Amino acid sequence: MKAKQWKRMLAIGLSAVMTLSILTGCGEKESGNSGNADAAGETAKQSTEQNEEAEQTESDKPDTWIADRTIVMQVYVDDIGYDMPDNVNDTLVMQELTRRTGIKIDVRYTPGDSDSMVMAAQLASGNIPDMIVGYLNDSTRKEFPIISKAAREGLFADLSEMMKNTKVYSKYYEDGYLPKDTYNNIVFRDDFGGAVYFLHLQIQEEDRSAIWDPNESLLGGMYIQKRIVDDLGIDPTSIRTQDQLYDLLVRIKEAGYTDDNGNEVWPMGPRYWGGNAESQELLAKNDNWGVSDDYNITEDGKVLHEAETDYVYKKIAFYKKLLDENLVNTEFFTMDATRTEEVSKSKNSAIIANVHSYVDVIYGNEDWLPLGPLEDIDDFNGSYYKGKNGYGFAAISSEAENPEEILAFLDYLSTYEGQLLIYYGIEGVTYDMVDGYPVLKDEVKEKIEAGDKEYQRDVVGARFGGDGLLALEFLVTNRNNIDNFGESRPGIGATATFDRAVELATEYPREMKLLEGLNAMAYLNTEELAEVKANLELLNYDEMLVQAIFEKNDAEVTKIVENFRSQLKAAGVEEFEAHLEEVYAEDPSAINFIPHN
């Protein structure tokens, strides 16, 4: 069914449930309904037109009303920018948000070589709209130096006093609510003199990061075809070292398996989302010494870049052996995302180097099983957790009109009522409340299970467990899906689509271990190390490794590595490492090193 027809049908149901239509212009769109349905649709249209024409009085406005305005937001998030409806304000969710708050949104996205580069260029021009939104897991992200510089230059509004009067963001002032990095390095930075310029988004209300919850956890890593596991009679969880992985790849090669198209299978295929230089870390897990932005600390307290150790040569030798014996796809590092999806789905890869259980190639069938995972340098093959963390940020322009209204809108999105709307849509239309929790209607479940993106994103505009509209969910903080909605992934618990993902996470749980601290590069963001930072950011260790891996001449391999070591030294790496040693000596939990000699 077309989106316009769905929208009209939902408008009819909505007007019956809520008495006040939240739809605009639906009567002008064609529909296959007749009789009473047409009459109801015409009534909905007339009611909407009357509401649009009539001036809303103060008594008509709900308690959640903020202002009659459109907030213009520039997003530097490709997942949002490439997946927006034609008109987000026409979705059921946004129309209901507008009814409650008066707010509409204008989401803008500018493609470029990278979101961070586009951000840097636009902030440098000083011309930004009401607010900006971007990625920001923590203060180590490459975006943070860009936005912190813009903040010091006066581009963003100070939100400190406004936040204290909000329902949700006032929690950021509570002791222990924010992660240490968020509190000290992003929101309440000392060098901002008490001002607050950034809202760190997606903070969890309760820290459940140490719990392996099959309903929540992404079971990522290597996956192997089940038919190969059965044929070879292996336990996929027993593959824990690089040597064991190598032996398995040899057995797969000797067995001569073919894919769905009759082509010979590559024992090891690239990551599902496209090959890249960083993929070198995937299979050489035992030799990944530089665990924190390529740095680590020895047992005697000496910080070194991985390139300064023998592990650089161990990694190169391991991959060269795999390539020389045709055990790994020759395009492992370079294949584009479209083709990596194709080779995964056609089973041209006996093993996918990296994918997770919430990708349809995995949850859509029972053809794949988790392999490993491999042990790291600490002989640990589970998952590390860091406690609470953020995912994105929002900043309001210092030139924005009435910035308190923008903050109030963001605050409302993160209330229980706002999140319920964003995740589930409209009560009585897309979900019903059952025993205090929202449960999606059967027809909505069918749409989700069928992968009907047009319905989920363009018509309703809800998130629906991670497969609908992202733009609003990205702006949420104070998340607590278990307590609020009775399920960790809103909407997913009511559908059968991801049963396989939950089943895999239940059958193959990962041991959890706390690894505190920031990545090493976070400690380059000081004025004293500004020149060192600029120099080091010009060097790309991963690309050097790949170049050396494909070099046939061993003497040239040595030359490539030694040249990189010289570049590190010239860039000032020793000064940076000395600084890291001081930080670590004062507080070992400050950097996420795994000490290894």
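Start with the whole chain and its contacts, where contact means heavy atoms within 4.5 Å. Among contacts between residues at least 6 apart in sequence, 78% join residues at least 24 apart. Before you click further: this is a predicted model, where local features need pLDDT of at least 70 and side-chain atom pairs count only at pLDDT 80 or more, while totals for chains, interfaces and linings use all residues. Residues are numbered from 1 along each chain as its sequence is written, and side-chain values use heavy atoms, with hydrogens and water left out.

Switch to cartoon and you get 25 helices and 15 strands; these are DSSP runs (helices H or I, at least four residues; strands E, at least two), numbered from the N terminus. Of the 597 residues in the chain, 54% are buried. Here buried means under 20% relative accessible area, exposed over 50%, and partly exposed in between (1.4 Å probe, protein chains only). Now show the surface: the chain exposes about 26,100 Å², with 44% of that supplied by carbon and sulfur atoms. The areas come from the Shrake-Rupley method with a 1.4 Å probe, and for residues only the protein chains shown count as cover.

Next, select 416–424, which is helix 16. Why is this helix largely enclosed by the rest of the structure? Because 7 of its 9 residues are buried. Those are Gly418, Gln419, Leu420, Leu421, Ile422, Tyr423 and Tyr424. Then click Gly425, which follows helix 16 and has a positive phi, near 90°.

Time for charges. The structure holds 34 salt bridges, each a side-chain nitrogen of Lys or Arg within 4 Å of a carboxyl oxygen of Asp or Glu. Pick Arg457 and Asp83: their closest N and O atoms are 2.6 Å apart. This pair links distant parts of the chain, 374 residues apart, with Arg457 in helix 18 (residues 453–460) and Asp83 in the loop between helix 3 (78–81) and helix 4. Both ends are buried, Arg457 at a relative accessible area of 16% and Asp83 at 18%.

Hop to Glu143 and Arg141, another salt bridge, with closest N and O atoms 2.7 Å apart. Buried or partly exposed: which is Glu143? At 3% relative accessibility, Glu143 counts as buried, whereas Arg141, at 26%, counts as partly exposed.

Now select 554–571, helix 24, and find Glu562 and Arg565, which sit 3 residues apart, about one turn of the helix. Their side chains meet in a salt bridge (2.9 Å, N to O). Glu562 is partly exposed at 34%, and Arg565 is partly exposed at 21%.

Last stop: select Glu443, Glu446, Glu449 and Asp499, a patch of negative charge on the surface. Patch residues have over 30% relative accessible area and no salt bridge; like charges are joined within 9 Å, and nonpolar side chains (Val, Leu, Ile, Met, Phe, Trp, Tyr) within 5 Å. Helix 17 (residues 442–449) gives the largest share, 3 residues. Glu449 lies in that helix and is partly exposed, with a relative accessible area of 39%.

Technical notes:
Lys, Arg positive; Asp, Glu negative; His and termini not counted. Charge placed at Lys NZ, Arg CZ, Asp CG, Glu CD.
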